[in-house]
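Subject: Structure handover and findings

Hello,

Here is the structure I promised to pass on. Please open it alongside this note.

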Amino acid sequence: MIRFRKHRRTGEQTTPAPAEVRPEPAMQTSTSQIHQLLVPETIRVGLPGHTKEEVLNHLIDLLRGHPAVRDLEAVRQAVLARERMMSTGVGKGLGLPHAKTPAVTTTVAAFAITAEPVEFDAIDQQPVRLLFLLVGPGAAKSQHIKLLSRISRLMNRDGFRTRLLEARTPEEVLHLFEEGESQLVDQ
């Protein structure tokens, strides 16, 4: 939200200098609600790609233009570096790539359902179709851990994963996350 101020001498309202423009309240989030981090533009049904690297790059590209992303290529490098350390294929068809980097001003997320199963070096050796990307600044460690835990608990539900795989639009995916979270115990 842009805050207006009065000119010192004339009393007329003026817009602030660019340095005084503040991000919308949603950008200053410390939420632990998954659905509040997602918007239709950061959700993709039918994500293309045949390899882990291809789908990760397409997933990261969903954050292009996000107001909290300072440097998309730095985000890409952080996510891929984290993935090289250890696969984020957590099993049951889910990839949970994540990273902490100063390239974002607040926690951001993207979600995708791949067009086809992708080998992801998952712990259960099963291919991945569901990808949830979570990137936050280093200072948001507690929020990062809470969100990863919440995503894992939600995605551990067989019925929820099945319904996601049947979703046809980003809006439907967003609704499923909101509905699924409303059923979690730790509200």
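Below are the findings on aromatic contacts and strand pairing.

One caution before you start: this is a predicted model.

**Aromatic pairs**

The count comes to 4 aromatic pairs. Take phenylalanine 111 and phenylalanine 132 to begin with. Their pair is tilted, with 6.1 Å centre to centre and 55° between the planes. Phenylalanine 111 is in strand β7 (residues 108-118), while phenylalanine 132 is in strand β8 (residues 128-136). The pair therefore ties together parts that are 21 residues apart in sequence.

The cut-off for buried is under 20% relative accessible area.

Phenylalanine 111 has a further partner, phenylalanine 177. That pair is edge-to-face: the centres are 5.1 Å apart and the planes are at 80°. Phenylalanine 177 belongs to helix α5 (residues 170-182) and phenylalanine 111 to β7, so this pair links parts that are 66 residues apart in sequence. Phenylalanine 111 and phenylalanine 177 are both buried.

Which residues make up the aromatic cluster? One cluster is formed by Phe111, Phe132, Phe160 and Phe177.

**A charge over a ring**

Look next at lysine 52. Its charged end sits over the ring of phenylalanine 120. The distance to the ring centre is 4.9 Å.

**Strand β8 and its partners**

Strand β8, which holds phenylalanine 132, deserves a look of its own. Of its 9 residues, 8 are buried, so β8 is largely enclosed by the rest of the structure.

Which strands pair with β8, and in what sense? Here is the list:

- Strand β5 (residues 94-95) pairs with β8 in the parallel sense, over 2 bridges. Glycine 95 stands opposite leucine 131 of β8.
- Strand β6 (residues 98-100) is joined to β8 by 3 bridges, and the two run parallel. Histidine 98 has leucine 134 of β8 as its bridge partner.
- Strand β7 is joined to β8 by 7 bridges, and these two run antiparallel. Alanine 109 has leucine 134 of β8 as its bridge partner.

Best wishes

Note on methods. Residues are numbered from 1 along each chain as its sequence is written. This is a predicted model: local features need pLDDT of at least 70, side-chain atom pairs count only at pLDDT 80 or more; totals for chains, interfaces and linings use all residues. Side-chain values use heavy atoms; hydrogens and water are left out. Rings of Phe, Tyr and Trp (its six-membered ring) pair if their centres lie within 6.5 Å; planes under 30 degrees apart count as stacked, over 60 as edge-to-face and the rest as tilted. Helices (H or I, at least four residues) and strands (E, at least two) are DSSP runs, numbered from the N terminus. Buried means under 20% relative accessible area, exposed over 50%, partly exposed in between (1.4 Å probe, protein chains only). A charge sits over a ring if NZ of Lys or CZ of Arg is within 6 Å of the ring centre and within 35 degrees of the ring normal. Two strands pair if DSSP finds at least two bridges between them.
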